[in-house]
Number of protein chains: 2
Amino acid sequence: MRSYSQFCAVAKALDVLGDRWTLLIVRELLLAGPSRYTDLRNGLPGIATNLLSDRLRELEAAGVVVREQAPPPVATTLFKLTPRGEAIRSVLHELGLWGIPYMAEGPAPQDVFRGRWLAWPAELFLTDLEPDGPPVSIELRTEEEPVVIEAAAGAVHVRPGSAEHPDAVISGAPQEILGLLSGHLDVRRARKRGLRIDGELGVLDRLRPAQPAALG
Amino acid sequence: MRSYSQFCAVAKALDVLGDRWTLLIVRELLLAGPSRYTDLRNGLPGIATNLLSDRLRELEAAGVVVREQAPPPVATTLFKLTPRGEAIRSVLHELGLWGIPYMAEGPAPQDVFRGRWLAWPAELFLTDLEPDGPPVSIELRTEEEPVVIEAAAGAVHVRPGSAEHPDAVISGAPQEILGLLSGHLDVRRARKRGLRIDGELGVLDRLRPAQPAALG
DNA sequence: CCGCATCCGGGGCGATACTG
DNA sequence: CAGTATCGCCCCGGATGCGG
């Protein structure tokens, strides 16, 4: 990217991160951890392959990303964030919080979706209201890959993948899941809109906010 | 900007804010408040006038900026942030924090500078260590416009402009001022590097961090 | 299959000129 | 003062090729 040539911290940050697709690549690496080129491409629907290649090289030059050789038998190159790259997480958190209102209306017709994109909203909305309770897990299933919400000892974490013995399973469209997690939909209305909620309903009350999170 | 068409909060935010120059325009409006077109241009050295015009229109359509007619005798159009636009402040704070390490080496040869760009680093670095003390003010003078740091009752604020009776005046190059405020330079070394510090030196100790803020 | 490199068309961007 | 108009250029998007 052409430099703004301004002696200002925001401008300098944008000199590194302001290019198209750059921050979304960092998003994928933060959500998925060290990733192969092909996995990044799958998590970034719409990106041109030459752009992904260019951006990864620029991020590497900027000290945000390192590439490393995975040990055999995988023997492929992995892209992972440096500590400097991990530090971008708070930027993306704020950016995501600001962007959440745009998701309230549901996806645009051409919008694509990946299950792991639910991870941040979930972590941002949910808190463990019963820190002394037993560990619980909830699996979220969309048409895409599933993600697991795990709560234990007051902390809530979300990761891509499945749970062994989930206390509850929520299946349906992403915006309904978001509505449920943010507190804008109660269980009854969510089900009416087509959301399937199986298992122990009580675990939801342990995690959901008492009042709807600010979405506008 | 062409939409990423991803049902993800970060992507939706970047659909609105990801264009070149857009976040820097928001920076100016956050730092300077409601501004005229010409003032924005002066605060955004390097921007093409048609781009500024385009971006302001897009930001207006997105509900981030409103234009209003200033009352006579000024009778000019002012651009100001909506509450939705004000909410971008935390994004730029995080982005600025991430970008600060790039300023440690000083400005690049072609870098331009505006005094008000010191406002955020100053607010981020400084805290009022003596909340019960009398109000104090420090004026920062670069070759550009001056800014005033005001501390009272535990709060530190920075605004463009001059102080009536500043307790101290610091004059010099921006990166030396940054070094002094962040704690990386002590008064002796700062002076050796050409910084002028006049007035009551004690007020600095009231505001500066005990140990250097993390810059790398 | 994985990780790119290359080519090409279109549009966003940059610089300057000009106007009510 | 507050923009509009114009014109190159280069970035971006999309497709294809290609070595390991």
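**Contacts, helices and an interface**

Guide: Let's start at A:Tyr37, where a polar backbone atom sits 3.2 Å from a phosphate oxygen of DNA strand C. This is a predicted model, so local features need pLDDT of at least 70 and side-chain atom pairs pLDDT 80 or more, while totals for chains, interfaces and linings use all residues. Residues are numbered from 1 along each chain as written, chains are lettered from A and ligands numbered from 1 in written order, and side-chain values use heavy atoms, without hydrogens and water.

Visitor: What makes the pair between A:Thr76 and DNA strand C a polar contact?

Guide: A polar contact is a pair of N or O atoms within 3.5 Å (within protein, one must be able to donate a hydrogen and the other to accept it, and residues adjacent in sequence count only if both atoms are side-chain atoms). A polar side-chain atom of A:Thr76 is 2.5 Å from a phosphate oxygen of DNA strand C, so the pair qualifies.

Visitor: And on DNA strand D, which part does B:Asn50 reach?

Guide: A base oxygen, at 3.3 Å from a polar side-chain atom of B:Asn50. B:Ser53 and B:Arg2 go to phosphate oxygens instead: the side chain of B:Ser53 has a polar atom 2.6 Å from one, and for B:Arg2 a side-chain N or O atom is 2.7 Å away.

Visitor: How do you know which residues are near DNA strand D?

Guide: A residue is near if one of its heavy atoms lies within 4 Å of the strand. There are 21 around DNA strand D, A:Arg20 and A:Leu51 being among the closest.

Visitor: Why are H2(A) and H4(A) called roughly perpendicular?

Guide: Angles of 65 to 115 degrees count as roughly perpendicular (under 35 is roughly parallel, over 145 roughly antiparallel, the rest oblique). Helix H2 (residues 22-32) of chain A packs against H4(A) at about 80 degrees, with the axes 10 Å apart. That angle makes H2(A) roughly perpendicular to H4(A).

Visitor: What makes chains A and B count as being in contact?

Guide: Contact means heavy atoms within 4.5 Å, and 52 residues of chain B meet that with 52 residues of chain A. The two chains bury about 4700 Å² between them, 67% of it on carbon and sulfur atoms; buried area is the accessible area (1.4 Å probe) that two parts lose on being put together, summed over both. On the chain B side, B:Phe7, B:Arg84 and B:Trp98 lose the most area, together 20% of what that side buries.

Note on methods
Axes fitted to C-alpha atoms, helices over the stretch in contact; angles between N-to-C directions. Helix = DSSP H or I, 4+ residues; strand = E, 2+ residues; numbered from the N terminus.
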